[in-house]
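Good morning, and thank you for the time.

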Amino acid sequence: MRIDIVTILPQLMESPFADSIMKRALEAGHAELHFHNPRDYSRDKHKKVDDYQFGGGAGMVMQVEPLALLLDELKNERDYDEIIYMTPDGERFDQRMANFYSQKENIIIICGHYKGIDERIREHYVTREVSIGDFVISGGELAATVFCDAVIRLIPGVLNDETSALTDSFQDDLLAPPVYTRPAEFRGWKVPDVLLSGNFKKIEEWRHDRALEKTRLRRPDLLEREIENNSEKNAK
Ligand code: ADE
């Protein structure tokens, strides 16, 4: 998978991909990240890429021309499955969307700054607008980083143990159950007996029950979805 990222601050996105799972995924060629700076497409002598908004109001807006020139160039080079704009007023990102994009070949992600980007880019280039949650951060780079990490780790072969993505929180609309490692007892705090029993059926049941219990308490909305999915599956 190739991800082209449009950003005036590529350095904000470098270190999360320079370590651990993401580093290995990139080194193994599962994903490629390419950064493109709109400043390189600015005709302004100071390489300015933002301006005051028409109609007045606080905050600068990223100008249409540098972004349009950059996106034209990328689109001339290859076909893209999607051009995504990270914005707090976009569609809410979730595990389902991460799964969907982990199967794509080429996507562009635009990171906004200031008040956002000129609406004409959204109208004429962007195919999907994505938010990482109901809060505002200072620019699209951290949102794009979250998006890329969640997507790349789902590309087959990225995780060592293929099954570990399957037991993540949200993968089947349930939060993840608790996990423990050695020692089996610390300061009198014991690991649940069932996990030491070697009875895999019992262990799976225990994990499912704990996941269900946690989801019921913290995210009952996810259970509604699971009930819907199961009734859809059973109907097939
Ligand atoms: N840019 C600023 N806040 C954002 C958010 N919550 N999601 C995506 N992009 C953003």
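**From one bridge to the whole chain**

Let me begin with I5, whose bridge partner in β6 is I109. Before I continue, please note that the model is predicted: local features need pLDDT of at least 70, side-chain atom pairs count only at pLDDT 80 or more, and totals for chains, interfaces and linings use all residues. Residues are numbered from 1 along each chain as its sequence is written. Helices (H or I, at least four residues) and strands (E, at least two) are DSSP runs, numbered from the N terminus.

Strand β1, residues 2-6, runs parallel to β6, and five bridges join the two. Strands are said to pair when DSSP finds at least two bridges between them. β6 also pairs with β5, again in the parallel sense and over five bridges. In that pairing, M86 stands opposite C111 of β6.

How is the path from β5 to β6 arranged? The two strands and helix α3, residues 95-102, form a right-handed β-α-β unit. Right-handed here means that, with the strands pointing away from the viewer, the path from the first strand over the helix to the second runs clockwise.

Is β6 mostly covered or mostly open? Strand β6, residues 106-111, has five of its six residues buried. I call a residue buried if 20 or more other C-beta atoms lie within 10 Å of its own, exposed if 12 or fewer, and partly exposed in between, with C-beta atoms placed from the backbone.

As background, nonpolar side chains in soluble globular proteins tend to be buried together.

Which residues does I84 touch? Leaving out residues up to four places away in sequence, I84 is in contact (C-beta atoms, placed from the backbone, within 7 Å) with I107, I108, I109, I110, R128 and V130.

I turn now to the ligand. The residues around the ligand (C-beta atom, placed from the backbone, within 6 Å) are M86, T87, P88, S131, I132, G133, F135, V136, I137, G140 and A143. β5 (82-92) and α5 (140-152) each contribute at least two residues to this shell. The largest share, three residues, comes from β5. By class, the shell has seven nonpolar residues, four polar and no charged. The classes are as follows: Ala, Val, Leu, Ile, Met, Phe, Trp, Tyr, Cys and Pro are nonpolar, Asp, Glu, Lys and Arg are charged, and the others, Gly among them, are polar.

Helix α5 also carries D149. D149 is partly exposed, because 17 other C-beta atoms lie within 10 Å. Apart from its neighbours within four places in sequence, D149 is in contact with P16 and M22. D149 and S131 are 18 residues apart in sequence and 15 Å apart in space, C-alpha to C-alpha.

Next, the loops. T181 lies between α5 and β8 (185-186). T181 is exposed because it has 6 other C-beta atoms within 10 Å. From D168, T181 is 13 residues away in sequence and 17 Å away in space, C-alpha to C-alpha. P183 is in the loop between α5 and β8, and the peptide bond from R182 to P183 is cis, with omega near 5°.

Two further residues, neither of them glycine, have a positive phi: K47, near 60°, and R187, near 50°. For comparison, most residues other than glycine have a negative phi, and most peptide bonds are trans. K47 sits in the loop between β2 (32-36) and β3 (50-52), and it counts as partly exposed because it has 14 C-beta neighbours inside 10 Å. R187 sits in the loop between β8 and β9 (189-190), and with 5 other C-beta atoms within 10 Å it is exposed.

I close with the whole chain. The protein chain has eight helices and nine strands, and its C-alpha atoms fill a box of roughly 70 × 45 × 35 Å along the principal axes. Of its 236 residues, 25% are buried. Among contacts with a separation of 6 or more, 75% are between residues 24 or more positions apart.

Methods: Two residues are in contact if their C-beta atoms, placed from the backbone, lie within 7 Å.
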